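Good morning, and thank you for coming. I would like to take you through one structure, element by element. Please look at the display while I speak.

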Amino acid sequence: MAQTSAYGIRSVELAVPDVEATKAFYEAQWGLKEVARENGTLYMRATGKDHHVLTLHEAPRIKFLAINLGAKTRADVDALNAHAKALGTTILAAPHELPAIAGGGYGFSLESPEGQRINIVAGVAEHADHEQDASKPERLSHVVLNAAKYDEQIAFYRDVLGFRSADTTDFMDFLRCCEDHHSVAVARANGASMNHMAYELPNMEGLMKGAGRMKQSGFDIGWGVGRHGPGDNVFSYFIEPNGFVTEYTTGMQQVKDDNYEWHGADYWATAFTRPCRWGMAMTMADGFRDAMKGKLIDEKNQRCEDVIAKGLAKGLKSAAE
Ligand SMILES: [Fe+2]
């Protein structure tokens with residue numbers, strides 16, 4: 001019988017005004033590589049097997065667009081689609097063959113309670129080669145979403161997509177759909193946005209080298225290096241050129257069976273693991289928390305709109321003269 005649960009996170013999709021500048025950052029500093037492009041869309045891979053882990057779409061406004069989650073088989077895609085439909089979820093695209101430029105495969109798209117697009121994909125092409133550079137991301141690890149409709153988002157991931165709650169703190173729910181402790185987490189917030197995306201590096205040595213490369217390139221660590229409580233993963237956070245928060249992580253706790261013991265807010269509040277198990281990364285850089293709330297992106301988009309509005313006003317004025 002086909003499974004009605006997503007399995008693993010594959011990639012994220014972002015809208016950015018300058019695809020080339022963004023690509024240059026992700027190649028030279030972050031450690032991804034262009035794998036395909038068509039029109040204004042560019043696909044970037046990590047060193048691992050996933051066809052791509054990041055899709056950049058050229059658009060006037062900076063925006064988090066979508067999460068791509070894996071399904072194990074095409075039959076699972078159909079089963080998940082039927083399950084989502086039966087629950088009354090908004091289906092944005094029925095199951096269909098996916099474009100070859102994006103690695104092909106089969107998938108459908110649905111909408112989260114906060115209007116975010118989730119693509120469920122199976123059978124996407126995989127790379128056989130594996131660059132042996134531990135300072136570069138091997139795959140996408142997880143995405144954390146800021147949510148105003150907190151309970152609805154969690155219910156959506158649990159009931160529609162088959163995620164299970166891994167752990168819950170007083171402001172975040174960690175949700176798992178594969179052996180990773182979490183592939184998605186939902187944070188309490190005033191509005192919907194992406195809190196951060198995280199890329200898995202093979203080991204600590206690689207993470208430190210990658211973080212060093214970022215520092216040497218002028219991208220200071222916003223938070224870290226530290227080790228999280230829930231998930232037990234090592235973290236090092238940065239702000240990329242568009243204002244998105246992006247994380248190098250390694251050592252995510254692996255849940256091999258269903259015996260994992262969930263812990264709630266009371267446990268984590270007293271577990272002496274926050275905000276860093278090592279007691280190393282106890283504070284964030286100035287303004288970093290705002291970046292995680294998506295405020296940098298709001299400011300950049302606002303500045304862009306102000307420039308356009310001023311240009312329009314100027315054009316109207318000279319047309320009237
Ligand atoms: Fe994270």
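I begin with Asp167, whose bridge partner in strand S11 is Phe174. Please keep in mind that this model is predicted. Strand S10 covers residues 164–168 and strand S11 covers residues 172–176; the two run antiparallel, with 4 bridges between them.

Next, I turn to Ser112. Where is Ser112 found? The loop between strand S7, residues 106–111, and strand S8, residues 117–122, holds this residue. Is Ser112 buried or exposed? The relative accessibility of Ser112 is 3%, and buried means under 20%, so this serine counts as buried. Leaving out residues up to four places away in sequence, Ser112 touches Gln153 and Phe156. With Gln153 there is also a polar contact between the side chains, at 3.4 Å.

As a general remark, nonpolar side chains in soluble globular proteins tend to be buried together. In this model, the largest nonpolar core has 59 residues, and those touching the most other members are Leu14, Leu54, Ile120, Tyr157 and Leu161. Helix H3, residues 150–160, gives this core its largest share, 5 residues. Another core lies apart from it and has 10 residues, including Tyr237, Cys276, Ala291 and Met292.

Let me close with Ile120. Beyond its neighbours within four places in sequence, Ile120 is in contact with several residues, among them Ala6, Leu69, Val77, Phe108 and Leu161. Thank you for your attention.

Notes. Residues are numbered from 1 along each chain as its sequence is written. This is a predicted model: local features need pLDDT of at least 70, side-chain atom pairs count only at pLDDT 80 or more; totals for chains, interfaces and linings use all residues. Side-chain values use heavy atoms; hydrogens and water are left out. Two strands pair if DSSP finds at least two bridges between them. Buried means under 20% relative accessible area, exposed over 50%, partly exposed in between (1.4 Å probe, protein chains only). A polar contact is a pair of N or O atoms within 3.5 Å; within protein, one must be able to donate a hydrogen and the other to accept it, and residues adjacent in sequence count only if both atoms are side-chain atoms. Contact means heavy atoms within 4.5 Å. A nonpolar core is a set of buried Ala, Val, Leu, Ile, Met, Phe, Trp, Tyr and Cys residues joined through side-chain atoms within 4.5 Å.
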